[in-house]
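This report describes a single protein chain for a reader who works with coordinates. The sequence and the model are shown first, and the description follows.

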Amino acid sequence: MASLITNPVTNTNSDRSKRKKKKNSMVKQNLQRSQKEDHARWKSEAQQQIYSSKLLQALSQVSLDTPSPSAPRGGRAVREAADRVLAVAAKGRTRWSRAILTSRLKLKFRKQKRSQRGSAAAVAAATRTSRSKKPRVSVLKLKAKSVPTVQRKVKVLGRLVPGCRKQPLPVILEEATDYIAALEMQVRAMSALADLLSGSGAASSSSAPPPEWPMPPTSQ
């Protein structure tokens, strides 16, 4: 008789664990499905056209001649505009897109803090006495030698993908896969825009009338 009586507490715990496992598996399947859709989306022509149109709008607002002191200059401004539009196209679904969108704000706050600390650092440097510096062995170099090659490559990959510096290997691989697909689409779009603009410039220069050169005086 004792063996036939079931414990209701253990039954409820087992049911909860089964429901939790089922929920986690469904969430994982949905996440994998959305990631596959995102990877395929970067390869579509429609997404490339949308990105190209938004990139043209962003580049039209970039001032290359007389930028403000706080704004990036030249090719850096173009690169930041292209990356920002790419992150907006990702709609904040990935870590790298959120990292790109928030990096501009963090950089602005860092510049403000540096300007505030500049005066204090100048005073400290002026009052600091010169001390004899002894050659020290870098602890980071010693640690780098002891770290296996795979872990070092994972760290390098985490630094290359925005927002993945301190993430585990599965997260870095997922983000890197999506980031590489997005960069490939960015290269295709920017190459097409460069060809289009160079072609229109050549056409306009060829359609312009030839310059009128002054005729040499005739000898009488």
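What percentage of the 220 residues of the chain count as buried? The figure is 18%, where buried means under 20% relative accessible area, exposed means over 50%, and partly exposed lies in between (1.4 Å probe, protein chains only).

## Basis of the values

The model is predicted: local features need pLDDT of at least 70, side-chain atom pairs count only at pLDDT 80 or more, and totals for chains, interfaces and linings use all residues. Residues are numbered from 1 along each chain as its sequence is written, and side-chain values use heavy atoms, with hydrogens and water left out.

## Overall architecture

The chain has seven helices and zero strands, and its elements follow the order α-α-α-α-α-α-α from the N terminus. Helices (H or I, at least four residues) and strands (E, at least two) are DSSP runs, numbered from the N terminus.

Among contacts with a separation of 6 or more, 63% join residues 24 or more positions apart; a contact means heavy atoms within 4.5 Å. The chain exposes about 17900 Å², and carbon and sulfur atoms supply 59% of this area. Accessible areas come from the Shrake-Rupley method with a 1.4 Å probe, and for residues only the protein chains shown count as cover.

Helix H2 spans residues 45-60 and includes Gln47. The relative accessible area of Gln47 is 11%, so this residue is buried. Beyond its neighbours within four places in sequence, Gln47 is in contact with Arg41, Trp42, Ala89 and Met185. Gln48 also belongs to helix H2 and is buried, at 12% relative accessible area. Its contacts, again leaving aside neighbours within four places, are with Met185, Arg188 and Ala189. Gln48 and Val187 are 139 residues apart in sequence, yet their C-alpha atoms are 10.0 Å apart in space.

Ser44 sits in the loop between helix H1 (8-42) and H2. With a relative accessible area of 27%, Ser44 is partly exposed. Ser44 and Met185 are 141 residues apart in sequence, with a C-alpha to C-alpha distance of 8.7 Å. Met185 is also among the contacts of Gln47 and of Gln48.

Leu193 counts as buried, at 11% relative accessibility. Not counting residues up to four places away in sequence, Leu193 touches Ser52, Leu55 and Leu56. The C-alpha atoms of Leu193 and Ser53 are separated by 9.7 Å, although these residues are 140 residues apart along the chain.

The bridge joins the side chains of Glu80 and Arg76, with an N to O distance of 3.2 Å. Glu80 and Arg76 are four residues apart in helix H3, so about one helical turn separates them. Arg76 counts as partly exposed, at 45% relative accessibility.

Lys91 occupies the loop between helix H3 (74-89) and helix H4 (95-127). Lys91 has a positive phi of about 60° although it is not a glycine, and this residue is exposed, with a relative accessible area of 62%. Ser97, by contrast, is found in helix H4 and counts as buried, at 0% relative accessibility. Leaving aside neighbours within four places in sequence, Ser97 is in contact with Ala87, Ala90 and Gly92.

## Charged surface

Lys155, Arg159, Arg165 and Lys166 form a positive surface patch. Patches are made of residues with over 30% relative accessible area and no salt bridge; like charges are joined within 9 Å, and nonpolar side chains (Val, Leu, Ile, Met, Phe, Trp, Tyr) within 5 Å. Lys and Arg count as positive and Asp and Glu as negative, while His and the chain ends are not counted. The place of a charge is taken as NZ of Lys, CZ of Arg, CG of Asp or CD of Glu.

Within this patch, Arg165 lies in the loop between helix H6 (149-160) and helix H7 (169-207). Arg165 counts as exposed, at 55% relative accessibility.

Conventions. Salt bridge = Lys/Arg side-chain N within 4 Å of Asp/Glu carboxyl O.
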